[in-house]
Amino acid sequence: MEYTTLGRTGLRASVAGLGCGGPSRLGMRNGARGEKNAVALVRQALDLGINFLDTAESYGTEAVVGKAIAGVARDRFIISTKKALPSARHSDIEGEVKRGLDQSLKLLGTDYIDVYHLHGVEPKDYDFARERLMPVMRRLREQGKIRFIGVTEGFVQDPSHQMLQQSLREDLWDVVMVGFNLLNPSARGSVFPMTQAKRVGVLNMFAVRRALSQPDRLKGILTDLTRKGVIPRNAVQAEDLIDFLLTESDATTLPEVAYRFCRHEHGVDLVLTGTGNPEHLRANVESILKPPLPGSVLQKLEEVFGNLDYLTGN
Ligand SMILES: NC(=O)c1ccc[n+]([C@@H]2O[C@H](COP(=O)([O-])OP(=O)(O)OC[C@H]3O[C@@H](n4cnc5c(N)ncnc54)[C@H](OP(=O)(O)O)[C@@H]3O)[C@@H](O)[C@H]2O)c1
């Protein structure tokens, strides 16, 4: 494993982080693979050298992470978890945030969270998050229950990063979680220059998602972009593009291309990988540790997707 410094937090984090949410939720979405397998997956991640575990109160995986880290020295891993936004009309907003954090601490079996985020903040909610929730988070940090404060965007609702662009004009957040992948590299121009200037830590989500783990979905997206005239007709055939990406990159799978694309982006500190499959986890860590994609591949991706800021990869 390789390790990096997560912006101004100074935390030494593995360049691959385990995402305990997303479509897989450690294989537990809809109870698919069960808790025992999920605990084993988190332990596998630790064995592979991953020390960054990202979960959230809404994923239903905090207890699994808690079981997997029980008995492991607390300084061997970094816990990132999130609070869903309470309603602005909630009668006790501060109490609700405190209750959420206490519940996360209990399920995770720890007495502090390394990075505590506001979860999926949309542009319409940003003022509320900043004015009503941030002061509460700061008080919790003063009490030692949180080390660093983060915010994650709602990438599906906000694929051009309006919330993050607004939030990064100020200097409030230690860490941000950003949707970035080869289908929508728009954070390169609109987010990363600001995070780098302020030394805000950057966690990359949506590196692969469904479109880059299922070649038929990618073909569908390319056909749709061609039909809409976003990609000039006959400029690129889906089959040819996928073949080109794999051959030129000397990659075995499309997820490998997608993870390498993100991992070597200047501005990304850590790439989250979400899976319920131990074989995928092993392969993904291997991909994240492989060299950058060759220039010819980066150039082709720039030609095809470089100007897009509305795809998510779902
Ligand atoms: N707003 C937010 O705060 C927010 C939103 C979304 C995500 N997140 C965080 O970001 C993390 C990463 O996002 P993500 O989970 O969507 O991750 P991702 O790594 O982009 O995509 C995960 C999807 O790809 C599949 N996959 C992974 N590796 C594969 C492989 N080698 N071959 C084939 N399929 C593969 C997984 O299915 P399998 O289970 O079959 O491998 C899963 O469906 C989440 O887990 C969560 O922690 C945060």
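A salt bridge is a side-chain nitrogen of Lys or Arg within 4 Å of a carboxyl oxygen of Asp or Glu. In this predicted model, the structure holds 27 such salt bridges. Among them is the pair formed by Arg188 and Glu302, whose closest N and O atoms are 3.3 Å apart. This pair links distant parts of the chain, with Arg188 in helix α6 and Glu302 in helix α12, 114 residues apart. Arg188 is partly exposed at 32% relative accessibility, and Glu302 is partly exposed at 38%.

In helix α10, Arg260 and Glu256 lie 4 residues apart, about one turn of the helix, and their closest N and O atoms are 2.7 Å apart. Arg260 counts as buried because its relative accessibility is 5%, under the 20% cut-off; Glu256, at 2%, is buried too.

Turning to the ligand, 28 residues surround it, the closest being Ser24, Asp54, Tyr259, Thr275 and His280. This shell divides into 11 nonpolar, 13 polar and 4 charged residues. Strand β10 supplies the largest share, 3 residues. A polar side-chain atom of His280 lies 2.6 Å from an oxygen atom of the ligand, while backbone N or O atoms of Val208 and Gly276 each lie 2.9 Å from a ligand oxygen atom. The protein covers 87% of the 900 Å² of accessible area that the ligand has on its own.

Terms used:
Residues numbered from 1 in each chain as written. Predicted model: local features only at pLDDT ≥ 70, side-chain atom pairs only at ≥ 80, totals over all residues. Heavy atoms only, no water. Near = heavy atom within 4 Å. Polar contact = N/O pair within 3.5 Å; in protein donor to acceptor, adjacent residues only side chain to side chain. Areas by Shrake-Rupley, 256 points an atom, 1.4 Å probe, with all protein chains shown as cover. Helix = DSSP H or I, 4+ residues; strand = E, 2+ residues; numbered from the N terminus. Nonpolar A, V, L, I, M, F, W, Y, C, P; charged D, E, K, R; others polar. Buried < 20%, exposed > 50% of the residue type's maximum accessible area, 1.4 Å probe, protein only.
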